[in-house]
Amino acid sequence: FYSRISELRRKISKTFLNLVPHYHLNVSVFVLMMDYYQTAMVFLIDNSTKIFTKNTISVTQDFCGSKNFADDLEYYYSDFNHFSSSLTFALENNNNGQQYFGIYNLQIHAKICDYTCATCTGPTSNECSTCYPNATLINVSGLSYCSCNSHFFLVVFRLGYFRRNEF
């Protein structure tokens with residue numbers, strides 16, 4: 001999507017809901033800065049500033065806007081721990097001037113939890129933080145895993161859940 005950040009609207013954001021259970025994210029995006037001048041673009045994840053690494057790609061043409069200013073295509077990426085089932089991605093301009101930009105190819109890659117965990121701190125079945133309904137979190141020697149409650153069994157779908165044993 002494309003946006004013009006001005007005095008009245010200096011921030012754009014998008015919230016993603018119902019993310020698969022995960023413990024780490026990699027976020028990347030291309031930003032086309034139109035009529036580019038030094039600006040202070042800030043990336044926010046869940047309303048907290050995140051450091052994104054920037055790679056400027058040479059752009060030899062003026063895509064749009066004034067011929068007096070350059071256009072730059074920039075690629076940003078960041079890796080960070082994240083455990084919530086939702087994610088709000090925002091881009092904010094802290095410059096008082098006007099800045100035109102467009103973003104595309106926003107990608108969010110998650111390192112997912114084991115299918116037995118509702119939330120986790122790592123990829124294995126003994127790194128669960130919480131369990132799905134009808135399961136209990138068991139802590140043994142620093143390892144945390146989910147165990148089915150009596151009369152329930154695990155139905156193995158990607159978003160695993162525990163179902164009552166009807167046999």
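Colleague: Why is Cys-120 called buried?

Modeller: This is a predicted model, and every value is computed from it. Cys-120 has 1% relative accessibility. Buried means under 20%. Therefore Cys-120 counts as buried.

Colleague: What makes Cys-113 and Cys-120 a disulfide?

Modeller: Their sulfur atoms are 2.0 Å apart. The cut-off is within 2.5 Å, so the pair qualifies. The torsion about the S-S bond is -85 degrees, and the link is left-handed. Cys-113 has 3% relative accessibility, so Cys-113 is buried under the 20% cut-off.

Colleague: How do you know that Cys-117 is joined to Cys-128?

Modeller: The S to S distance is 1.9 Å. That is within 2.5 Å, so a disulfide is assigned. This pair links distant parts of the chain. Cys-117 lies in strand S10 (residues 117-120), and Cys-128 lies in strand S11 (residues 128-131). They are 11 residues apart. The link is left-handed, with -65 degrees about the S-S bond. Cys-117 and Cys-128 are both buried.

Colleague: Is Cys-148 buried, partly exposed or exposed?

Modeller: Its relative accessibility is 29%. Buried is under 20% and exposed is over 50%, so Cys-148 is partly exposed.

Colleague: How many disulfides does the search find, and in what pattern?

Modeller: A search of the whole structure finds three. Counting bonded cysteines along the chain, the pattern is 1-3, 2-4, 5-6.

Colleague: What makes Lys-54 and Glu-74 a salt bridge?

Modeller: Their closest N and O atoms are 3.6 Å apart. The limit is within 4 Å, so the pair counts. Lys-54 is in strand S6 (residues 53-57) and Glu-74 in strand S7 (residues 70-81), 20 residues apart. The whole-structure search finds one salt bridge.

Colleague: Which of these two residues is buried, and which is partly exposed?

Modeller: Glu-74 is at 1%, under 20%, so Glu-74 is buried. Lys-54 is at 40%, between 20% and 50%, so Lys-54 is partly exposed.

Technical notes:
Residues numbered from 1 in each chain as written. Predicted model: local features only at pLDDT ≥ 70, side-chain atom pairs only at ≥ 80, totals over all residues. Heavy atoms only, no water. Salt bridge = Lys/Arg side-chain N within 4 Å of Asp/Glu carboxyl O. Helix = DSSP H or I, 4+ residues; strand = E, 2+ residues; numbered from the N terminus. Buried < 20%, exposed > 50% of the residue type's maximum accessible area, 1.4 Å probe, protein only.
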